[in-house]
Amino acid sequence: MNCFTCNARIPSRMKTGLLSLLIDTNAGPVLVDTGLGLQDYSNPTWFTQFFRVITVMPFDPNEAAVNMVKSFGYAPEEIQHIILTHMHFDHCGGLPDFPQAKVHVHKREYESFINSPRRFKELAYLKRNIHHVREWNLYESSGERWFGFDAIQLPGFEPQIWFIPLFGHSQGHCGVAIQTQTGWHFHCGDAGVDIENNVAPGWLIGTALGPHWPRLREFAQSHPEIRLTASHMHLHFFENAN
Ligand SMILES: [Zn+2]
C-alpha cells in the first residue's frame, strides 16, 4: 500500500510513495509501517509542514493506513500488530489510528525515540505518535541469522517474520523479512532504494540511508528469488502493483 506520497522538487522525476505492507498471518492482518496518520492531516506539526515546503505532497488523507486498510476490506480494529522498521514520522504517524495494536520495534530504536537528542535527524521523531500505544514488543539481537544477516525472528507469527537489523539510517532501524508462498520478501525500509526505478543521486543515497546499501544491492543481485523492496518506492511501483 502507498501510505504517503512525497515527491522531490529536485529532481522532479523523483516521485515516491511510502510502502506499508499488510500481511495475512495467523494473528490476523499485520501492518509493517503506517505512513502518516489522520492527525498529521488534520493537525500537522511544524515538522510536517516544513516537509510540505521542501517536497511536493498531495497530502491526501485517503493515503492514511487506516483508510487504506478499509479500502482492502478490513476493519481497522482487526489490526492487532504493527511492525515498525523505525520511528520516523513518515513511518509511524498512523499509530494513533490503531490504538488496539501491539507495536513491534527494535529496542534500540524505541530508546532512541524516547531519549532523542535534538539533532536534525531526531526531529523526525514526533512524540505524539506513540501516546496511545498500549503495548510495546521490543527486540534485541539474539545471535540468529537470516541469509547471513543478523536477524531476530518475531515469535508466534506464521508465516515467519524476521527483523533484520540495518542500523544507520536511524539508531535502531531494521529491515523486515517475510516468508511468502514462493520464498521471501525482504523489505529493507529506509536502508535501501527502489532498485528498478531509482533516480536518487548517489551522494543522497549514501548520506540518507546509512551504510548497508552496497551490501543490499549485492544481496539483490545474488538472490534474484528474494523480492527486495524499500520504503520509498517510486510511484511506478504502486501503479504496477495495482
Ligand atoms: Zn526514516
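This is a predicted model: local features need pLDDT of at least 70, side-chain atom pairs count only at pLDDT 80 or more; totals for chains, interfaces and linings use all residues.

User: Which residues coordinate the zinc ion?

Analyst: The donors are H86 through NE2, H88 through ND1, H169 through NE2 and D190 through OD, at 2.1 to 2.4 Å.

User: And what geometry does the site of the zinc ion have?

Analyst: The site is irregular, with angles of 84 to 177 degrees among the four donor atoms.

User: What spacing do the donors follow along the chain?

Analyst: The spacing is H-x1-H-x80-H-x20-D. Within this set, H88 lies in the loop between β6 (81–83) and α4 (89–92), while D190 lies in the loop between β13 (184–187) and α6 (202–209), so the pair ties together parts that are 102 residues apart in sequence.

User: Is H88 buried or exposed? What about D190, buried or exposed?

Analyst: H88 counts as buried because its relative accessibility is 7%. D190 is also buried, with a relative accessible area of 5%.

User: Changing topic, where is G192 found?

Analyst: G192 is in the loop between β13 and α6. G192 is buried, at a relative accessible area of 8%.

User: Which residues does G192 touch, leaving out those up to four places away in sequence?

Analyst: G192 touches L209, W213, L216 and A230.

User: How far apart are the C-alpha atoms of G192 and T55?

Analyst: They are separated by 20 Å, with G192 and T55 lying 137 residues apart along the chain.

Terms used: Residues are numbered from 1 along each chain as its sequence is written. Side-chain values use heavy atoms; hydrogens and water are left out. Donors are N, O and S atoms within 2.8 Å of the metal (3.2 Å for Na, K and Ca); water is not among the atoms, so sites may look incomplete. Four donors count as tetrahedral if all angles lie between 85 and 135 degrees; four count as square planar and six as octahedral if opposite donors are over 155 degrees apart and all others between 65 and 115; anything else is irregular. Helices (H or I, at least four residues) and strands (E, at least two) are DSSP runs, numbered from the N terminus. Buried means under 20% relative accessible area, exposed over 50%, partly exposed in between (1.4 Å probe, protein chains only). Contact means heavy atoms within 4.5 Å.
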